[in-house]
Each structure stands twice: as C-alpha cells, then as structure tokens.
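Open the model in your viewer and keep the selection tool ready. We will go stop by stop.

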Amino acid sequence: MTETERENGSRNARMPIRDRLRSACLREWVVFLGGMPAGVAVGALVLSVFGITDTVLVWHTTAGDVTTVPAGLLGSLLAAKLLLPPTEQVRWARIPATTGDAWPGARFGGAALVAAPLLLVAGEVLRIRYHYYFPAQLAAVAGDRGLILVSYALYSTGLLLLVPAFLAFANLIKAELPGWAFWGATLAVLGDLVRLFHEGVNHLALHLVPVDGLAAATHGVSATYQSWYVFYPLVFADNLGWLVLAIGAYRARVLSRLPAIALAVMAVHSSGVLKGSDLGSLSADLAICAALVPLGVARYRRAAPAARTTRLGGWAALVALAVLYAYHLLVVLPHSP
C-alpha cells in the first residue's frame, strides 16, 4: 500500500458516516454494482407488462435474455449520469506513461487483450444455434460434432489468454491504483482458472457422447451436475473480478465511463459446466470486446522496440508452436476418439 493510499484510508476512517456515504468510491460501487441489476429489473418489468418475457425470438433466446445486457448497460449509464462527475479525462482508453515491464509485457499483453475476447465471441457464435443447457449441448455433439468441439476449443483458448490479458490490464491500473490492480487481477485470474476447470469437465462430457452414446452421457452429466468440487466456493470470483477491474480502470483513468461499464457487464455472464450460448451471453462478450480490444491495440502500439534477441526468440516460439499444432492436427487428431 502506498503512502497516498494509507493517508486516504486514515482520512476515510475519520469521516462521519454521512460524509463517507457521499464518497466517490461508494458512488462508483453503486453505479457498477447496483445500476446494472436495477436496469435489468426495470427491463424485466416492462417485458412482463407486455407479456413477452418468455417469448422466443431467435436461436432459443427469449426476449428477457435479449434485453438483459442492454437494460443493464442503460441502468448503469443512467446511474453514472446521476452519481458520477460529468467530466471525463479519457475519451475511451488510456495507456499510462509508467506501466513497467512486468509479465506479460506490452506486446504479448496487448495481443492477449485483443485475442481473448475475440476468441470468446467466436466460440459462442459457432454454438449459438443450440440451446445453452447441457442436454442440448450434448445432443449437438451427436449431430454436429466438429462444430461443437471447435466452438469449445475456441472458447477455452479465449479463457486461457484471459490470464495474460488480466495481468496486462492490471499492470495498466497499477500505475495509478496498485490496490485495485492487485485485487482485480487476483479475483479475475482465480475465477478464470475455475472456468478453465469447467472446460476440462466439458471436454470429457462432450467426448462421452461418441464413446458411450448420447443417453448415457446425458445421464452421467445430469447425475453429477450438482456435485461439489474443491473450487465450487470460488465460482463467483470471475464475476467479482470483472467488477473490481472495471471500477479500478475507471478510477485510474485507463478506461472512460462507457467502456468501463461495458467491461462490468461480463459480471452477469453465466458460467459453469456445458453452458452454451444465447444472444444475452454473446452481448456480454461483445461488450468486453468493445472495452478491451481498443485498449489492447493501443498497448501493443505503445510497446518499446524489442531487442533483436527478443524478436528472434518470439518468432522461434511462434514457429515451434505452429509446428507442434500442425503435427497434432495432421497426425494425432485423425486417430483420436
């Protein structure tokens, strides 16, 4: 904790409760944590008045699912308009002058900030035609195995790249607010690792269909779906991590109000075993693309020139990775069950 943070903490501890409730930090939590569910609740109320909440629009997505993210965004933006200062010093995204060279660095970190959300979107787009609950996901493997496996592979790769993306994002926040950067990265990375654990379960469940048959695979997943596991208490971590990173980025002036709120939308994205896609979850992924992709591009462009040995090592690593995957795709995969 820096000297400034200690002074602010001491000052806040001496504040009367009434003044503390008026603090900027509390207003930001109200906007990011309360504005979204308030907007969703109002949107659901409007739909219920017209009796169209459960109306299926397209791709098994109901009107309630479609309006969740837009209503949450509008609720947060309205709360921000009422509670946050009207002036902003950042148009969309800002790269602080002092970001350091901590891993993953400017180039890999910037690339991860761009690639990770785009891979999440690609994975969800491929399977959006199928219902998001696990019986339909397993049934889809029986009828369209290649597409479903590619979809989950892209999504898993996006989750993997979120780890360096989160750390690169936290490095930008750390220049101004190291405490927010630490807790945001900690929660986000832990939550992301839990989701990667789910992807391992997904891999096994999806491959049970061609091995044991659809009925047996569905029964096995259904009978064990609520089973407790060691990471179960941490399933909320990624939702909270998105919120802490969003508020930290806004307070550190890394993101302006709109992209910071768009980033916080990911807190309502569903997670768990064999969760498919609908327009609601896809909208959340598109929102973080809008927030992170421009930031990643700016971070990559601001990278200092790399040393010759670093460049050669990077290209050698990429070539080795391409050869490794080419071998597996051409030799190992055709003989895989």
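Predicted model: local features only at pLDDT ≥ 70, side-chain atom pairs only at ≥ 80, totals over all residues.

**Stop 1: the end of H10**

Now step back to H10 itself, residues 237–251. This helix has 15 residues and reaches 21 Å from its first C-alpha to its last, close to the 21 Å expected at 1.5 Å a residue. Is H10 enclosed or open? Of its 15 residues, 13 are buried, so H10 is largely enclosed by the rest of the structure.

**Stop 2: helix H5**

Select residues 105–126, the 22 residues of helix H5. The end C-alpha atoms are 31 Å apart. At 1.5 Å a residue, H5 should span 32 Å, which agrees.

Next, colour the buried residues of H5. They include Ala 106, Gly 109, Gly 110, Leu 113, Pro 117, Leu 120 and Glu 124. What do the buried residues of H5 pack against? Show helix H7 (145–174) and helix H12 (279–301): these are the partners.

**Stop 3: the whole protein**

Zoom out. The protein has 13 helices and two strands. Its C-alpha atoms fill a box of roughly 65 × 65 × 35 Å along the principal axes. The radius of gyration is 22 Å; a compact globule of 337 residues would have one near 20 Å, which agrees.

Colour by burial: buried residues make up 41% of the 337 residues. Then show the surface. The protein exposes about 17600 Å², and carbon and sulfur atoms supply 69% of that.

Last, select the charges. There are 25 positive and 18 negative ones, and their mean positions are 10 Å apart.

Notes: Residues numbered from 1 in each chain as written. Heavy atoms only, no water. Helix = DSSP H or I, 4+ residues; strand = E, 2+ residues; numbered from the N terminus. Expected span 1.5 Å × (residues − 1). Buried < 20%, exposed > 50% of the residue type's maximum accessible area, 1.4 Å probe, protein only. Contact = heavy atoms within 4.5 Å. Rg over C-alpha atoms; globule rule 2.2 N^0.38 Å. Areas by Shrake-Rupley, 256 points an atom, 1.4 Å probe, with all protein chains shown as cover. Lys, Arg positive; Asp, Glu negative; His and termini not counted. Charge placed at Lys NZ, Arg CZ, Asp CG, Glu CD.
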